[in-house]
Amino acid sequence: QVQLVESGGGLVQAGASLRLSCTASGRTFSSSAMGWFRQAPGKEREFVAAINWSGGTTFVAASGEGRFVISRDNSKNTVYLQMNSLKPEDTAVYYCAARGGAPTARVVEYDAWGQGTQVTVSS
């Protein structure tokens, strides 16, 4: 029952920052855990970050540790992914996802997905 739309992607140089946004519609956003995942061409979709319903608990994959921050604003039905010090290997389509219950790193445990936003980092 949650529809998600990502925005904020683009083409940037290595070392730059981007903030991705995911805006949700539906009645269950405030009680949903949210995740960010990414998928590069020819690769499996991989976990990037997740956040619980209140925003009080967050997880970031090792690939983004120290560089990426996930946050949410339930009053705006929006989850964010702040990406700093971007590297060429961060190039991928970034997706947000929602699920009931606790945040997880497993793709199959999320029920709703956005269409994705392209992030390209040049060297």
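Let me begin with Cys22 and Cys96, which form a disulfide with their sulfur atoms 1.9 Å apart. Please bear in mind throughout that this is a predicted model. The structure holds one disulfide. As a reminder, a disulfide is a covalent bond between the sulfur atoms of two cysteines.

What is the handedness of the disulfide of Cys22 and Cys96? The torsion about the S-S bond is about 55°, so this disulfide is right-handed. As to its place in the chain, Cys22 belongs to strand β3, residues 18-25, and Cys96 to strand β9, residues 92-100; the pair therefore ties together parts that are 74 residues apart in sequence.

Are these cysteines buried or exposed? Cys22 has 0% relative accessibility and therefore counts as buried. Cys96 is likewise at 0% relative accessibility, and so it too counts as buried.

I turn now to the second residue of interest, Gly10. Gly10 lies in strand β2, which covers residues 10-13. With a relative accessible area of 25%, Gly10 is partly exposed. Which residues does Gly10 touch, if we leave aside those up to four places away in sequence? They are Leu18, Gln118, Val119 and Thr120. One further distance may be of use: Gly10 and Asp90 are separated by 80 residues in sequence, and their C-alpha atoms are 12 Å apart in space.

Let us now step back to the chain as a whole. Its secondary structure consists of eleven strands and zero helices. The radius of gyration is 13 Å, close to the 14 Å that the globule rule gives for 123 residues, so the chain is as compact as a globular protein of that length. Along the principal axes, the C-alpha trace spans about 40 × 25 × 25 Å.

Regarding the interior, buried residues make up 42% of the 123 residues. Among contacts with a separation of 6 or more, 58% are between residues 24 or more positions apart.

The chain exposes about 6200 Å², of which carbon and sulfur atoms supply 48%.

Key
Residues numbered from 1 in each chain as written. Predicted model: local features only at pLDDT ≥ 70, side-chain atom pairs only at ≥ 80, totals over all residues. Heavy atoms only, no water. Helix = DSSP H or I, 4+ residues; strand = E, 2+ residues; numbered from the N terminus. Rg over C-alpha atoms; globule rule 2.2 N^0.38 Å. Buried < 20%, exposed > 50% of the residue type's maximum accessible area, 1.4 Å probe, protein only. Contact = heavy atoms within 4.5 Å. Areas by Shrake-Rupley, 256 points an atom, 1.4 Å probe, with all protein chains shown as cover. Disulfide = S-S within 2.5 Å.
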